[in-house]
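Subject: Handover of a structure and notes on its contents

Dear colleague,

Please find below the structure that I am handing over to you.

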Amino acid sequence: YALIIPAWRLKELKRYTIMFKVSSPVNFGAVSLEVLVNLAPSRGRFKVTPVDVKGYEDQVELEVWDWYDDDLPLTYQFGYSLVNVTPANVRTERKVLSDFILDQKLSTFLPFGEITSDETNGRLNLDVWIQDSLGAIKNKTVVVKSVKDTGRSSVLILSKVLETMQRWNSQQYLQQSSLLLPLLRTEEVIKEVSTNTCLLYTSPSPRDS
């Protein structure tokens, strides 16, 4: 028998008593367990530099510091999602840029942000999830702007990205290669691939870790 309680139903630092009862026509038994809900990491900072970039071209530095928790060590997972500007205000599925790691910094490029017709054009949510040794997680988000350089074609941008990825180690390559998907779906790249299949086979050979 498995007891599953949604995390949002529990409050941090509150004590809960879980009781199990078993009965039959002639017998009765019970056992209880008191649990204390763990406190998630707190009080830290999350910084992204710069916050206005050219997608797939500018390097972005993600950095966290000063997060506090009694249950060490803390690990950090970085990711992103598009800023959804629909009335429902539902964010798109988040994309992970790293596993939960001890490193407090991550350097990467970013895909193009949400394409809209107003001032929200190009926005991305950059996220970090801070986890303590017992599994409690805190999330922090910074909104950045990542747009396409209108003076450069998607094919040229893709070529430069692949060149950059050749300098990555295997772990970084595997974790961040999904960043290429939005670029590969652009009309320019699809058209180029359909006429020049060589582009498909220029993917980098990442360095060993």
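The notes that follow begin with the whole chain and then turn to individual residues.

This is a predicted model, in which local features need pLDDT of at least 70 and side-chain atom pairs count only at pLDDT 80 or more, while totals for chains, interfaces and linings use all residues. Residues are numbered from 1 along each chain as its sequence is written, and side-chain values use heavy atoms, with hydrogens and water left out.

The chain has 4 helices and 10 strands; helices (H or I, at least four residues) and strands (E, at least two) are DSSP runs, numbered from the N terminus. Along the sequence, the pattern reads β-β-β-β-β-β-β-β-β-β-α-α-α-α. Of the 209 residues, 33% are buried. Here buried means under 20% relative accessible area, exposed means over 50%, and partly exposed lies in between (1.4 Å probe, protein chains only). Contact means heavy atoms within 4.5 Å. Among contacts with a separation of 6 or more, 61% join residues 24 or more positions apart.

Next come the aromatic rings. A pair of aromatic rings is described by the distance of the centres and the angle of the planes. Rings of Phe, Tyr and Trp (its six-membered ring) pair if their centres lie within 6.5 Å; planes under 30 degrees apart count as stacked, over 60 as edge-to-face and the rest as tilted. By this rule there are 3 aromatic pairs. The pair of Phe-46 and Phe-78 is tilted, because the ring centres are 6.4 Å apart and the planes stand at 45°. Phe-46 belongs to strand β3 (residues 45-49) and Phe-78 to strand β6 (residues 75-82), so this pair ties together parts that are 32 residues apart in sequence. Both Phe-46 and Phe-78 are buried.

Tyr-56 and Phe-109 also form a tilted pair, with 5.7 Å from centre to centre and 45° between the planes. Tyr-56 is in the loop between β4 (52-54) and β5 (60-65), and Phe-109 is in the loop between β8 (105-108) and β9 (123-131), so the pair links distant parts of the chain, 53 residues apart. Tyr-56 and Phe-109 are both buried. Through ring pairs, Tyr-56, Phe-109 and Phe-112 are linked into a cluster.

Charged side chains deserve attention as well. The structure holds 1 salt bridge, a term for a side-chain nitrogen of Lys or Arg within 4 Å of a carboxyl oxygen of Asp or Glu. The salt bridge joins the side chains of Glu-34 and Arg-15 (3.5 Å, N to O). Since Glu-34 lies in strand β2 (residues 28-36) and Arg-15 in strand β1, the pair ties together parts that are 19 residues apart in sequence. Glu-34 and Arg-15 are both exposed.

Thr-75 lies in strand β6 and, at 16% relative accessibility, counts as buried. Leaving aside neighbours within four places in sequence, Thr-75 is in contact with Phe-100, Ile-101, Leu-102, Trp-129, Ile-130 and Gln-131. Leu-82 also lies in strand β6 but, at 25% relative accessibility, counts as partly exposed. The C-alpha atoms of Leu-82 and Lys-95 are separated by 9.3 Å, and these residues are 13 apart along the chain.

With kind regards
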